[in-house]
Amino acid sequence: MDTRACDAFVSYASSDASVANLLVEILEGNAISCWIAPRDVMPGAHYADEIIRGITGCKVLVLILSSSAIGSKHVGKEPSRRKIFRAAA
């Protein structure tokens with residue numbers, strides 16, 4: 001996906017993938033473009049760099065908040081990365 005045209009970056013813990021994918025299906029069914037890993041990570045690209053590109057390229061970050069997300073070291077970093085990179089832009 002071209003993240004420059006993305007409406008929503010969907011952040012979730014891997015154990016919540018089925019919920020995240022359902023949410024993306026619903027949003028995209030209503031003309032809201034989404035960026036979600038691993039679907040939108042370019043093959044061969046550095047995963048963390050792709051996540052940052054996705055975060056900064058979308059208008060909003062949608063966080064699926066669950067006990068798994070709260071316990072995830074990766075999910076917890078994503079909202080702050082959005083603020084840091086938006087402030088620098």
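1. Of the contacts in the protein with a separation of 6 or more, 70% are between residues 24 or more positions apart; contact here means heavy atoms within 4.5 Å. The model is a predicted one, in which local features need pLDDT of at least 70 and side-chain atom pairs count only at pLDDT 80 or more, while totals for chains, interfaces and linings use all residues. Residues are numbered from 1 along each chain as its sequence is written, and side-chain values use heavy atoms, with hydrogens and water left out.

2. The protein has four helices and three strands, in the order β-α-β-α-β-α-α along the sequence. Helices (H or I, at least four residues) and strands (E, at least two) are DSSP runs, numbered from the N terminus. Of its 89 residues, 37% count as buried; buried means under 20% relative accessible area, exposed over 50%, and partly exposed in between, with a 1.4 Å probe and protein chains only.

3. A search of the whole structure finds one disulfide, defined as a pair of cysteine sulfur atoms within 2.5 Å. The partners are Cys 6 and Cys 58, with sulfur atoms 2.3 Å apart. The pair links distant parts of the chain, as Cys 6 is in strand 1 (residues 6-11) and Cys 58 in strand 3, 52 residues apart. The torsion about the S-S bond is about 85°, so the disulfide is right-handed. Cys 6 is buried at a relative accessible area of 1%, and Cys 58 is buried at 1%.

4. What keeps Cys 34 from a bond with the closest cysteine sulfur? The sulfur of Cys 34 is 6.5 Å from that sulfur, in Cys 6, which is too far for a bond. Cys 34 is buried, with a relative accessible area of 0%.

5. Ser 33 sits in the loop between helix 1 (17-29) and strand 2 (34-35) and is buried, at 17% relative accessible area. Ser 33 and Cys 6 are 27 residues apart in sequence, with 5.3 Å between their C-alpha atoms. A polar atom of the Ser 33 side chain lies 2.9 Å from the backbone nitrogen of Asp 7.

6. Leu 65 is in the loop between strand 3 (58-63) and helix 3 (67-71), and is exposed at 61% relative accessible area.

Conventions. Polar contact = N/O pair within 3.5 Å; in protein donor to acceptor, adjacent residues only side chain to side chain.
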